[in-house]
Amino acid sequence: MAAFDRAAARAHTLAISIRSDLPGFKVAVARRALAGLPSPGDYRVVIKPLRYRTRPSLSGLCEFDLGRIILRVPEPFRPFDELVYVNARRKRGAGMRFAWVAEKVHFRTRRDVLRFLYCHEWLHWYLREVQSRRSGAETACDRFALRNFRRRRVTIEDALEALQGTRMQLLPDGFRLAA
Ligand SMILES: [Zn+2]
């Protein structure tokens, strides 16, 4: 990565307004965890604990009316696996039948969780605030998060690439998906 890119990535993350409601988890640590990920405009990122009963899971939220992205970190934290649905393939034959494609993802650290959730919620934000589209598209957000959360730097181009896959799913009959 060139020095300029590094500086740009740092500037992005520095510009994000972050609050941590997770006891013992400092804003500076959260900022480092989210380094290299794209800015959510004037939205604020709020990190909260996710108190679970049986096992940790993923939980995030884009509060459009309040301009906040909520990221919840399982507490107490321990590494966990989660099935992430990244695609739906049209089944052969008549009708709108889909086979879901899932991938098991391992979340080793809080940083893993924060980056995955942030990528997912950020794409909701991008669809709504930048593209003025419905903010749905859960599989597109999960696919984008899965592809990118372990990468050091994520850009708008990566989002556009993930969204291209979404459009492909909506192509009419007669379009053959690659196996
Ligand atoms: Zn979502």
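The place of D142 is in helix α4, residues 138-148. Helices (H or I, at least four residues) and strands (E, at least two) are DSSP runs, numbered from the N terminus. The model is predicted: local features need pLDDT of at least 70, side-chain atom pairs count only at pLDDT 80 or more, and totals for chains, interfaces and linings use all residues. Residues are numbered from 1 along each chain as its sequence is written.

D142 is buried, because 23 other C-beta atoms lie within 10 Å. A residue is termed buried if 20 or more other C-beta atoms lie within 10 Å of its own, exposed if 12 or fewer, and partly exposed in between, with C-beta atoms placed from the backbone. Residues up to four places away in sequence aside, D142 touches V84, Y85, V86 and H120. Contact requires C-beta atoms, placed from the backbone, within 7 Å. C119 is 23 residues from D142 along the chain, and their C-alpha atoms are separated by 8.2 Å.

Helix α3 covers residues 110-130. Of its 21 residues, 15 are buried, so α3 is largely enclosed by the rest of the structure. At 1.5 Å a residue, α3 should span 30 Å; its end C-alpha atoms are 28 Å apart, which agrees. The expected span is 1.5 Å times one less than the number of residues. S132 follows α3 and has a positive phi, near 50 degrees.

Side chains alternate along strand β3, residues 59-63. G60 and C62 point to one face and are buried.

Strand β4 (residues 68-75) runs antiparallel to β3, and five bridges join the two. Pairing requires that DSSP finds at least two bridges between two strands. E63 has R68 in β4 as its bridge partner. Four residues lie between the strands of this hairpin, and G67 takes a positive phi near 65 degrees. P76 lies in the loop between β4 and β5 (80-90).

The protein chain has five helices and six strands. Their order from the N terminus is α-β-α-β-β-β-β-β-α-α-α. Of its 179 residues, 28% count as buried. Among contacts between residues at least 6 apart in sequence, 63% join residues at least 24 apart.

Definitions and conventions: Two residues are in contact if their C-beta atoms, placed from the backbone, lie within 7 Å.
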